Amino acid sequence: MNIIFFEDNRNQFLPLVYTKPLAKLRVGVLAIEDKWKKHFEKNNVTTTCSYVAEDYLSKKYPLNAAEENIFINARFFPNERLVDFIINNLIADEAIVFDGSVVASKCTLEQFKNESYYIKDYNESFISIELKSVTDLFSKNDIAIQHDFDLITEGRTSAEISDTNTLIGNNIFIEEGAVVEASVLNSNAGPIYIGKDAEIMEGCLVRGPLAMAENSALKMGAKIYGATTVGKFSKIGGEVNNCVIQDYSNKGHDGFLGNSVIGEWCNLGADTNTSNLKNNYAEVKLWSYEMGRFAKTGLQFCGLIMGDHSKCGINTMFNTGTVVGVSSNIFGSGFPRNFVSSFSWGGASGVTTYKTDKVFEVAEIVMKRRGVDLTEEDKAILTSIFEMTSQYRK
């Protein structure tokens with residue numbers, strides 16, 4: 001089956017989708033595209049995947065259309081009923097629509113572009129999770145972790161866990177190669193999934209839901225709770241509450257991070273702290289790329305949204321509802337502004353432009369430490385983002 005992921009309302013998920021399609025984002029245990037792949041595999045359906053991406057992303061994330069394709073909206077997560085319907089009941093030239101948005105369509109590329117398909121309204125009970133904005137990544141992460149946990153662990157037996165740990169509840173699954181020692185794991189509030197070769201160091205306090213991807217780590221004495229996801233090769237310390245941290249990012253030391261989404265290749269310096277609640281308990285506003293201004297989120301708790309390759313120095317303080325773009329470097333005393341544009345260098349006392357040659361130099365060093373190359377395609381993507389975000393640095 002030839003799956004092509006697309007996204008509508010893309011601006012709602014910036015700055016995280018500046019560098020990649022929405023389907024590549026990790027929410028719950030798995031990336032969105034991997035959730036769909038896993039469900040199709042469960043139904044013995046082999047899939048190939050590609051993307052309807054922005055022009056500047058299309059070389060790295062190409063579109064491969066066939067005579068018959070299944071176009072899937074990456075804002076919607078799969079479930080058994082939905083996938084079964086797509087496999088067995090969705091006919092050619094037909095699109096499933098929910099609340100005005102196409103969820104999936106079986107058609108040619110030309111039909112998809114022209115929206116020349118028959119519309120079939122979909123029963124609301126078939127929709128498990130719909131992402132409407134970037135804050136949904138953490139606010140719906142508890143449901144996403146539970147769904148992925150059930151999908152991944154069905155019919156399987158967890159690896160043994162060391163008896164040096166204190167285990168509360170029976171909702172813990174550990175993959176082979178994972179190491180957990182002298183920690184407290186409480187799965188009564190939600191499942192705990194520890195991926196292949198991941199590590200929870202001594203003295204950690206964990207309350208589920210928690211999802212740790214392969215080769216991720218919780219540093220000694222970390223306190224993790226409230227539906228948190230840690231991406232592969234990411235290292236986390238300190239206190240973390242209800243956060244989604246993408247792959248290859250580090251918050252290795254003490255400090256609080258709450259109700260936040262951190263992109264790939266980010267690093268939060270020691271004792272970085274993020275406010276996730278206003279002093280007056282008012283609704284949090286967040287920078288909206290779509291509106292070009294701050295907009296209400298409907299949330300009382302909202303911390304930091306940080307794009308790929310951004311970093312901050314030690315003792316950085318982020319105010320409630322802060323958005324940091326791609327490839328920014330933040331440092332110095334005081335609170336930086338609630339919206340830090342991409343390719344910014346500085347902090348509360350002012351920022352200058354972080355030039356792309358310096359960005360590439362740092363990225364190559366950081367990525368090489370994880371055995372990953374910064375490719376010419378990556379550089380071209382970052383250069384395009386630098387140009388398209390120049391309006392915010394004026």
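Trainee: How much space lies in the largest pocket?
Mentor: Bear in mind this is a predicted model, with residues numbered from 1 along each chain as its sequence is written. Local features need pLDDT of at least 70 and side-chain atom pairs pLDDT 80 or more, while totals for chains, interfaces and linings use all residues, and side-chain values use heavy atoms, leaving out hydrogens and water. A pocket here is an open set of points on a 1 Å grid over the protein atoms alone, where a 1.4 Å probe fits, with protein on both sides within 12 Å along at least five of seven lines. Fill it with probe spheres set on the points and the largest pocket comes to about 850 Å³.

Trainee: Which residues lie nearest the centre of the largest pocket?
Mentor: Its lining has 36 residues, a lining residue being one with an atom within 4 Å of a point. Go to the centre and the nearest are Lys 24, Arg 26, Lys 232, Asp 247 and Glu 264.

Trainee: Which elements give two or more residues to that lining?
Mentor: Elements are DSSP runs numbered from the N terminus: helices are H or I with at least four residues, strands E with at least two. For the largest pocket, the ones that qualify are β3 (30-31), α1 and α7 (376-388).

Trainee: How many residues of the lining of the largest pocket are charged?
Mentor: Asp, Glu, Lys and Arg count as charged; Ala, Val, Leu, Ile, Met, Phe, Trp, Tyr, Cys and Pro as nonpolar; the others, Gly among them, as polar. The lining has 15 nonpolar and four polar residues, and the charged ones number 17.

Trainee: Which element gives the most to the lining of the second largest pocket?
Mentor: That pocket has a volume of about 370 Å³. Of its 22 lining residues, Arg 337, Phe 339, Ser 341, Val 351 and Tyr 392 are closest to the centre. By class, the lining splits into ten nonpolar, nine polar and three charged. With four residues, the top contributor is β35.

Trainee: Back to α1: how do α1 and α2 lie to each other?
Mentor: Helix α1 (residues 32-42) packs on helix α2 (residues 80-88) with axes 10 Å apart, at an angle of about 65°. Since 65 to 115 degrees counts that way, the two are therefore roughly perpendicular.

Trainee: Which residues of α2 does α1 meet?
Mentor: Contact means heavy atoms within 4.5 Å. From α1 come Trp 36, His 39, Phe 40 and Lys 42, and they meet Glu 80, Leu 82, Val 83, Ile 86 and Ile 87.

How values were computed: Axes fitted to C-alpha atoms, helices over the stretch in contact; angles between N-to-C directions. Parallel < 35°, antiparallel > 145°, perpendicular 65-115°, else oblique.
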